[in-house]
Each structure stands twice: as C-alpha cells, then as structure tokens.
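I set out to record what I could look up about one chain fold, entry by entry. The structure comes first, and my notes follow.

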Amino acid sequence: MLTRSKPTWELPASIATTEADFLNRRELCKKIAAGSILAGGPSLIFTPSACATQKKDLSTSLYPATRNANYKVNREITPEKITTTYNNFYEFGSHKNIWRAAQRLQIRPWEVTIDGLVEREIKVDIDTLLKRMQLEERIYRHRCVEAWAITVPWTGFPMRALLDYARPRAGAKYVVMEAFEDQEIAPGQRQFWYPWPYREAVTIEEAANELSMIGTGAYGRPMAKQNGAPLRLIVPWKYGFKQIKSIVRFHFTENRPLSFWQKVQGEEYGFWANVNPDVDHPRWSQATEKLLGTGKQVPTQLYNGYAEYVAELYTGIRKKEKIFY
Ligand SMILES: Nc1nc2c(c(=O)[nH]1)N[C@H]1C(S)=C(S)[C@@H](COP(=O)(O)O)O[C@H]1N2
Ligand SMILES: [Mo]
C-alpha cells in the first residue's frame with residue numbers, strides 16, 4: 001500500500017481547483033500582489049506562494065492518469081517524499097538537496113521547440129502538447145550511475161507519440177534534448193565550467209522503443225519541479241543521467257552529439273550508458289545498488305531488468321563499439 005506524505009510546498013488537494021474557483025483565487029491573488037488584501041489574513045491558503053503555485057498548475061485535471069498494468073516492478077514504490085527530496089539536478093546545485101531551490105523554476109509559460117531534421121519545425125506550448133498526448137502511468141525502476149535506485153510511478157506519454165508528432169525526416173538518427181537555460185533562477189548555471197544547457201540524446205530506435213517515455217508527472221500528479229517538470233526523459237534501462245529534466249528542445253540530427261556529462265568527463269559517462277553490473281564506473285563498482293528508503297543493497301540487473309525489451313537494440317552495435325560507456 002502506497003502512503004503519501006505531502007511535501008509542504010504543495011497545496012492540499014482540497015483547494016485545487018475548479019476553473020471558476022481558480023479564477024476567483026486568481027483575482028484574490030492579484031489583490032494580494034497589489035497590496036490591497038493582507039496576504040495570509042483570515043485564511044492561510046492565500047499566501048503569495050500559494051498564488052504562485054495556482055497560476056502554474058494548469059494540468060492538474062489530467063491526473064491521475066490510468067495506470068498501464070503492463071509495466072510493473074517487483075519492488076516497493078519508493079515513498080514520494082524520498083523521490084522529491086533526494087535529487088540530481090545540477091542546474092540547482094551539485095548536491096542532492098536541491099528541492100527547495102528548484103521551486104524557482106517557472107514552468108508556465110513553457111515553450112517546446114522541435115527542430116532539425118523534421119518535416120516542419122514546431123514550437124508548441126506545453127499545455128497544447130499535453131492535450132494532444134494520451135497520458136498514462138507506469139511503474140519503473142530508476143538507477144543512478146552513483147549506484148542508488150528508486151521505483152517511481154511516472155506519468156507521461158510514449159516517446160513514440162512524440163516522434164509521430166515531430167515527423168523526423170529520413171536522415172534523422174538521433175534525438176537530442178536540451179534543458180532550460182536561465183542563470184537567474186538556476187544558480188548551478190553560473191558555474192561556467194559546466195557546458196550548459198544540460199543536453200542528452202538517444203537514437204531514433206531507442207526513442208521508439210516501447211519503454212521510452214516523456215515524463216510529465218509522478219505519484220499521480222504533475223511532475224514536481226525538482227524531478228524535472230514539465231517534461232523529462234524516462235529511459236529506465238539507462239543510467240539516470242540520460243534522463244534529462246525540464247526539456248525545452250527536441251532536435252533531430254544525423255550526427256551523434258556530445259552530451260553534458262560526456263563533455264565534463266567522457267571516460268566516466270559515455271553515450272550509451274546502459275545499466276550493466278559487469279561494467280564498473282572507473283571509480284566504483286556497479287555490481288550492486290542501494291534501494292533508497294529501504295536500507296537494502298541488491299544486485300544490479302543488466303539493462304536495469306529491462307533486457308527483454310531492449311537487448312536486441314544493441315546486438316549489432318555491441319560488435320562495433322564499446323557500448324556501455
Ligand atoms: N536537466 C538535468 N536533468 C537531469 C540531471 C541534471 O542534473 N540536470 N541529473 C540526472 C541524474 S544524474 C539523475 S540520477 C536523474 C535524477 O532524477 P530524480 O532527481 O528525479 O530522481 O535526473 C537526471 N536528469
Ligand atoms: Mo544519476
């Protein structure tokens with residue numbers, strides 16, 4: 001049984017949100033902003049920060065999405081509290097405790113660009129995109145290259161649907177994804193020695209694999225900012241660093257790009273980054289992993305347990321190049 005503990009930055013469900021209600025509160029928020037009503041006065045609901053949250057939360061009515069029972073995991077779901085407070089998101093700091101800092105991310109408006117080798121370049125607003133896609137929930141394992149793992153009920157849509165929407169041209173071999181760039185809100189991006197923006201890529205075949213998702217939510221609600229709102233990549237057979245957060249651009253290309261971590265440390269973080277217990281990170285073993293929140297250390301599985309879905313993607317490539325790093 002999944003028990004939810006609500007992080008304090010979220011609004012209680014009881015005050016989220018019919019449209020009429022939303023408009024009234026928006027009026028109220030404007031007045032608070034103008035100083036004509038005292039924030040937090042009779043009811044603590046109407047704080048300036050609550051106002052900020054309401055303006056952004058346009059997609060809540062899409063949640064919870066129907067669970068796709070084909071994707072189950074024989075592991076306990078990691079408590080939401082852990083998944084939303086222990087994060088890698090270098091834009092907000094090179095440590096795990098970035099969840100508060102990440103609340104500064106502005107997720108509306110959010111424009112997504114689809115360009116490069118496509119039939120026609122597209123610029124689309126996130127809410128328009130979400131309306132076109134069929135959201136579903138899937139429980140997946142997630143394995144960070146740092147040897148910790150979590151199990152998350154993600155919401156999102158198959159990346160295959162994004163390919164159909166983008167209509168790549170015949171020469172396109174890779175989908176390159178870029179995260180937002182804004183030094184004002186993301187202090188990590190002032191660390192000039194990192195090659196911002198965060199960038200990742202997968203092959204078209206990987207993108208079309210049935211496991212690949214574009215994540216829009218988790219735990220039955222819109223994605224928390226610290227987990228990569230409003231759009232992140234989910235490719236569960238690969239190490240977590242491939243699963244780029246807060247995407248603003250999908251660029252189709254013939255040439256394999258260098259990703260963020262390849263530029264920082266190419267020997268340690270290669271392009272393929274498929275989970276493999278037998279290929280150690282140069283500085284630590286990948287044979288086992290720590291299941292956050294359980295105190296358990298368990299064996300790492302090849303392709304993070306997803307070999308039946310993805311192993312065949314790599315049979316040809318394996319002969320030609322060293323594919324795991
Ligand atoms: N934009 C961006 N995406 C990112 C990262 C990052 O620093 N910036 N870190 C990656 C790493 S190393 C991991 S393990 C996962 C962590 O996702 P989570 O914090 O939601 O568990 O996000 C990945 N996506
Ligand atoms: Mo990671």
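**Entry 1: a bridge in the sheet.** I began with A179, whose bridge partner in β10 is I247. I noted that this is a predicted model, in which local features need pLDDT of at least 70, side-chain atom pairs count only at pLDDT 80 or more, and totals for chains, interfaces and linings use all residues; side-chain values use heavy atoms, with hydrogens and water left out. Residues are numbered from 1 along each chain as its sequence is written, while chains are lettered from A and ligands numbered from 1 in the order in which they are written.

**Entry 2: pairing of strands.** I looked up β5 (residues 174–179) and β10 (residues 247–253), and they pair in the antiparallel sense over 6 bridges. Two strands count as paired if DSSP finds at least two bridges between them. The elements themselves are DSSP runs numbered from the N terminus: helices are H or I with at least four residues, and strands are E with at least two. β5 also pairs with β6, in the antiparallel sense over 5 bridges. In that pair, Y174 has T203 of β6 as its bridge partner.

**Entry 3: the whole sheet.** I then traced the order of the open sheet of 5 strands, which is β2-β1-β10-β5-β6, with mixed pairing. β2 (122–125) and β6 (199–203) stand at the edges with a single partner strand each, so one side of each has no neighbour in the sheet. From one strand to the next, the twist averages 15°. Helix α5 (residues 159–166) lies across β1 (111–116), β2, β5, β6 and β10, and runs at about 65° to β10. Such angles run from 0 to 180 degrees between N-to-C directions, with axes as lines fitted to C-alpha atoms, for helices over the stretch in contact; contact means heavy atoms within 4.5 Å.

Entry 4: Is β6 enclosed or open? I found that 5 of the 5 residues of β6 are buried, so the rest of the structure largely encloses the strand. Buried means under 20% relative accessible area, exposed over 50%, and partly exposed in between (1.4 Å probe, protein chains only). R199, A201 and T203 point one way from β6, and E200 and V202 point the other way.

**Entry 5: backbone exceptions.** Most residues other than glycine have a negative phi, and most peptide bonds are trans. I looked for departures from this pattern. The peptide bond from R108 to P109 is cis, with omega near -10°, and P109 is placed in the loop between α3 (80–83) and β1. A229 and P230 are also joined by a cis peptide bond, with omega about -5°; P230 is in the loop between β8 (221–222) and β9 (232–234). S246 is not a glycine, yet has a positive phi of about 50°. S246 lies in the loop between β9 and β10 and is buried, with a relative accessible area of 0%. A273, likewise not a glycine, has a positive phi of about 55°. A273 sits in the loop between α7 (260–265) and β11 (288–291) and is buried at 0% relative accessibility.
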